[in-house]
Amino acid sequence: MKFILLGVIVFICGYIGYGLSRYYFSRVKLFMSLINFTEKLDTDINFGKAKLLKIIEDFKCESKDLKKILNGYILCLNEGKSCTEDMVFKDIKILKDEEKNVILNFLLELGKLDVFNQTKQIENSKLRFKEILEGCNEEKKKYGNLYLKLGIILGLLIALILF
């Protein structure tokens with residue numbers, strides 16, 4: 001019985017470490033999906049001549065957080081309201097304020113320019129997202145697996161002390 005309890009403690013601490021490390025993996029996934037979205041936008045605007053709402057609705061998103069952001073943006077467009085940070089980033093906790101501003105500015109500029117300038121704006125935003133993605137990858141390498149390992153080690157340490 002004691003060994004089962006110690007195993008549960010190690011598992012719980014490892015799970016907490018996994019939860020903390022998931023933050024970094026989610027950020028990388030979000031920005032990779034955002035870069036894929038810009039590429040799809042660029043292609044569809046230049047060659048498909050599709051409407052913005054149709055492009056967004058057809059986009060297959062791998063990141064749940066980006067899906068929430070795009071749904072908030074679609075809601076703003078459908079209601080005809082000006083998009084605010086609160087509406088677009090509702091329930092999104094993995095972004096820093098600067099990153100929210102960059103994404104919001106990108107979304108606010110969509111559909112406001114002619115095709116040539118819109119393509120240039122999308123390319124500039126894509127470069128900015130790639131810069132942010134590089135920073136996220138560095139953080140993920142540095143901290144992502146560290147929290148998982150520290151959680152397991154902490155659980156083992158507690159189990160050792162209790163044993």
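Predicted model: local features only at pLDDT ≥ 70, side-chain atom pairs only at ≥ 80, totals over all residues.
Colleague: Which share of the residues of the chain counts as buried?

Modeller: The accessible surface of the chain comes to about 10,200 Å², and 61% of this belongs to carbon and sulfur atoms. A residue counts as buried when its relative accessible area is under 20%. Of the 163 residues, the buried share is 38%.

Colleague: Among contacts between residues at least 6 apart in sequence, what percentage join residues at least 24 apart?

Modeller: Contact here means heavy atoms within 4.5 Å. Among contacts in the chain between residues at least 6 apart, those that join residues at least 24 apart make up 67%.

Colleague: With which residue does Arg27 form a salt bridge at 2.7 Å?

Modeller: The count of salt bridges comes to 8. In the one with its closest N and O atoms 2.7 Å apart, Arg27 is paired with Glu99. Arg27 lies in helix α1 and its partner in helix α5 (residues 97-109), so the pair ties together parts that are 72 residues apart in sequence.

Colleague: Where does Lys96, the salt-bridge partner of Glu139, lie?

Modeller: The closest N and O atoms of Glu139 and Lys96 are 3.1 Å apart. Glu139 counts as partly exposed at 21% relative accessibility, and Lys96 is partly exposed at 39%. Glu139 belongs to helix α6 (residues 115-162), and the pair ties together parts that are 43 residues apart in sequence, because Lys96 lies in the loop between α4 (85-88) and α5.

Colleague: Which residues do salt bridges that share partners join into one network?

Modeller: A further salt bridge, between Glu98 and Arg128, has its closest N and O atoms 2.5 Å apart. Glu98 lies in helix α5 and Arg128 in helix α6, so this pair ties together parts that are 30 residues apart in sequence. Arg128 counts as partly exposed, at 27% relative accessibility. The network formed through shared partners consists of Arg27, Lys96, Glu99 and Glu139.

Colleague: What is the nearest side chain of opposite charge to Asp65?

Modeller: Asp65 is found in helix α3 (residues 64-79). Leaving aside neighbours within four places in sequence, Asp65 is in contact with Ser26, Leu30, Ile92 and Ile94. Asp65 is buried yet has no salt bridge. A salt bridge needs the atoms within 4 Å, whereas the nearest side chain of opposite charge is 4.5 Å away, namely Lys68.

Colleague: What is the relative accessible area of Val8?

Modeller: Val8 is in helix α1 (residues 2-48). Val8 belongs to a nonpolar patch on the surface with Met1, Ile4, Phe11, Ile12, Tyr15, Ile16, Tyr18 and Leu20, and together these residues have about 1,000 Å² of accessible area. Patch members have over 30% relative accessible area. Val8 is partly exposed, and its value is 38%.

Definitions and conventions: Residues numbered from 1 in each chain as written. Heavy atoms only, no water. Patch = residues over 30% accessible without salt bridge, like charges linked within 9 Å, V, L, I, M, F, W, Y side chains within 5 Å. Areas by Shrake-Rupley, 256 points an atom, 1.4 Å probe, with all protein chains shown as cover. Helix = DSSP H or I, 4+ residues; strand = E, 2+ residues; numbered from the N terminus. Buried < 20%, exposed > 50% of the residue type's maximum accessible area, 1.4 Å probe, protein only. Lys, Arg positive; Asp, Glu negative; His and termini not counted.
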